[in-house]
Amino acid sequence: MRHLAAAVAFIVLAQAAHAAKLRVVATIPELADIASRIGGDHVAVDRLARGTEDIHQVVMKPSFVSKLNRADAVIYLGLSVEHGFLPGLLDVARNPALRTDPDTLNCTGPGCIDCSVGVNVLDKQQSLSRAQGDVHPQGNPHYNLDPGNGPKIARNIMEGLARVDPARASDYEANLKAYLAEFEPKLAEWRKWVEPLKGVKAVSYHRDMAYLGGFTGLVFVDTIEVKPGVAPTPAHLARLVEGMKARGVELIVREQQYDAKTPAWLAERTGAKIAVIGTMANSSPGTETYIKLCEANLRSLLKALGKEPIK
Amino acid sequence: MLLLALLVFPAVSKAAEPSAESRIQSLEERLGKLEGAPMKTSLSAFNPAIGAALDFTATQTNGRSNFNFRAAELNLEAPIDPYLRGWMVLTGSPSGIEVEEAAVQTTALPYSLTVTGGRMFASFGRLAHFHNHELPSIERPLSLESFIGGESQADGVEVSYLLPTPFYLNATGGAYNKLGGENGRADNASARYPDSFTYLGRLVAYADVGDDHSVELGLSEAWTPKRSVADTSVAGTDFNVDGTPDTPNTSAGITTRKNTWRTLSGADLTYRWHPAEGGIYKGAVWGTEVMQNNELRFDPATNLPVDRVRSYAGYSYLQLKVGRRWRPGVMLDLTEDLASARTLTRTYTGFLTFDVTEFQRLRLAFSRTTDNRPAGLGSNTVALQWTAILGHHVHGFRDR
């Protein structure tokens, strides 16, 4: 009887402890990773995307609705990159702290933590038209591929958690410092690693490499897709082969979620090397955290060109 | 003293000035706000988001062909105030311009409640509340056309509750003038007593089965406690050239009104396969829905009530994703006649969807319709559909 009472008390206390945690939902795995580092024991972090999908095509599951309904905060990349699933989910999540702005398709409400705040947004369109493909009105949203944006993302998450849960703000700030103390030396190291990549011409499958190009010095001259979100056609690929040869493109960057055949076909005709990278953490084994993802991507780029990281 | 002041002053003034780092951070924040500022100008800031869907088909049925402008749907959506959002869907089609949806929905009710009011697509079943251009095949399954009356359009009010369970469980209750845009049993214009409304209950449960699979089960019941029947409308049902039931025959007979009740029950099951890897290129959806319609009918000769007619109908379809842009599928629909459950119409459909881009789609379909009437005519239809989305486009949760 005493054991039973102890067990019940333990369950009740455990539930109470869990309930006291801030419930946070992150749209993609690296945001969940950083949020769990900064939130520490104070937050229970859940994620939506698995990391292996195309972020534009994450499937809306009803189980996501339940998660968002109970969440105190949602952490997202923003710049409408989650337009395929987050607005639709927030519309039905019935969480007054998290709503969809129908114009920007961003989250609006006290629980929204937008990691793009303060990011230097690239590829902003001079004019907007669907004739340009599936472009994002606010600019290129794939800034998470630039490791240099890591501290900014982490800081935005810290500020968001502190806003939603001000009583623990000092803990979140301390955890941010600890995270940056681990991240920033890595960042400095990675900046040295990428020296051999500077000026190397490359093509990618999707137009999502502006930020990675900025960090590595790779010069992305074209994409395998005709336009963002528009699948390649034979005529486009024929032109791409000629263009790659004329410009001396050495590298084809295939984002893990896209098919391997077309880049292989291009590599065969142009002699360019293929690097496979992840656009989200957890996209392949060994990329479970943001730091691991950044490192794995840079290693893949270097390895494809037969280079070693400069220490 | 002067020397002391000279020594202290720069230190004080330095302490009062923000550091370079904080100034840069402040500038970054201001720049970030500017960069993230809404694209709209102040004059249009509160205008609703606007989108449209255009839907055209070319069909050939039993050797006769036609180009069909099916619909142009204009969609407007905006928050109304902190507590409400609203949307309108105006549809232009060969039969005219219709307000297909005009509804408001609460956004700030406690306890995970949502109230929707106005003209909406009621939450009966699954495909019934899909707009035509969002269906998996070109034509709406005959079972839904016949039992619901096309789209589940309804004027009324719906309350939805997301239960606080570890898995997704949603309950919906509604009251409407009638269910189904083309349901001729009642009209929206005339006033009625409470027992003449249609009442809906629906429960949906969902479970992830591992990372790649999911199952969704829904149960629906629409109940109309009292409805008036003109006995001329039960004398028979006209049939189209292709064998599908048309509107009830009202061309002859004495019109007397009888009171009866109706229940429409349904169960729907959806299985989805979304593989963790290669999800852009492969996947599957299997959707099945069965319905039972229970209505009292009257003998046209004697005007006396006959046995209650229970009719069944349903469809099942499988849609595969076999490439980034290709989605083939098959569908079987079985529909009993509402007035005569012994009359069964079968429709076999094969379809192939080609997603040119996210905003443009081509679809080819072949369907064979037969029924078991002795003089029943079978029909073969080949159709090509071209659908395009203009402007604002949100992936809705209900139409996924």
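Helices and strands here are DSSP runs, numbered from the N terminus: a helix has at least four residues and a strand at least two. With that in hand, welcome to this predicted model.

**Two loop residues in chain B**

Ser112(B) sits in the loop between strand E4 (96-106) and strand E5 (113-121) of chain B. Its phi is near 55°, a positive value in a residue other than glycine. Is Ser112(B) buried or exposed? With a relative accessible area of 14%, Ser112(B) is buried, because the cut-off for buried is under 20%.

Asn62(B) also has a positive phi, near 45°, and is likewise a residue other than glycine. Its loop links strand E1 (49-61) and strand E2 (64-81) of chain B. Asn62(B) counts as partly exposed, at 41% relative accessibility.

**A nonpolar patch on chain B**

Which residues make the nonpolar surface patch of about 920 Å²? They are Trp286(B), Leu318(B), Leu320(B), Val322(B), Trp326(B), Val330(B), Leu352(B), Leu364(B), Phe366(B), Val382(B) and Leu384(B). Strand E14 (309-321), strand E15 (326-336), strand E17 (360-371) and strand E18 (379-391) of chain B each give two or more residues to this patch. Take Leu320(B) as one example: this residue lies in strand E14 of chain B and counts as partly exposed, at 34% relative accessibility.

**One open sheet in chain A**

Now to chain A. Strands of a sheet pair through backbone hydrogen bonds, either parallel or antiparallel. In the order E2-E1-E3-E6, four strands of chain A form an open sheet with parallel pairing. Strand E2 (43-47) and strand E6 (112-114) of chain A each have a single partner strand, so these edge strands are left with one side lacking a neighbour in the sheet. On average, neighbouring strands of this sheet are turned by 25° against each other, direction ignored.

Within this sheet, strand E1 (residues 22-26) and strand E3 (residues 73-76) of chain A pair in the parallel sense over three bridges. Ala26(A) has Ile75(A) in E3(A) as its bridge partner. Helix H2 (residues 29-39) of chain A packs on the sheet, where it touches E1, E2 and E3 of chain A. Helix H5 (residues 150-164) of chain A packs on the sheet too, touching E1, E2, E3 and E6 of chain A.

**Another open sheet in chain A**

What is the order of the strands in the open sheet that holds E7 of chain A? The order is E8-E7-E9-E10, four strands with parallel pairing. Strand E8 (219-223) and strand E10 (273-277) of chain A stand at the edges, each with a single partner strand, so one side of each has no neighbour in the sheet. Here neighbouring strands are turned by 30° against each other on average, direction ignored.

Strand E9 (residues 251-255) of chain A runs parallel to E10(A), and five bridges join them. Glu255(A) stands opposite Ile277(A) in E10(A). Helix H10 (residues 290-304) of chain A packs on the sheet and touches E9 and E10 of chain A. Helix H8 (residues 234-247) of chain A lies across strand E7 (201-204), E8 and E9 of chain A.

| H2 (chain A) | E2(A) | about 175° |

How values were computed: Residues are numbered from 1 along each chain as its sequence is written. Chains are lettered from A and ligands numbered from 1 in the order in which they are written. This is a predicted model: local features need pLDDT of at least 70, side-chain atom pairs count only at pLDDT 80 or more; totals for chains, interfaces and linings use all residues. Side-chain values use heavy atoms; hydrogens and water are left out. Two strands pair if DSSP finds at least two bridges between them. Axes are lines fitted to C-alpha atoms, for helices over the stretch in contact, and angles run from 0 to 180 degrees between N-to-C directions. Contact means heavy atoms within 4.5 Å. Patches are made of residues with over 30% relative accessible area and no salt bridge: like charges are joined within 9 Å, nonpolar side chains (Val, Leu, Ile, Met, Phe, Trp, Tyr) within 5 Å. Accessible areas come from the Shrake-Rupley method with a 1.4 Å probe; for residues, only the protein chains shown count as cover. A salt bridge is a side-chain nitrogen of Lys or Arg within 4 Å of a carboxyl oxygen of Asp or Glu. Buried means under 20% relative accessible area, exposed over 50%, partly exposed in between (1.4 Å probe, protein chains only).
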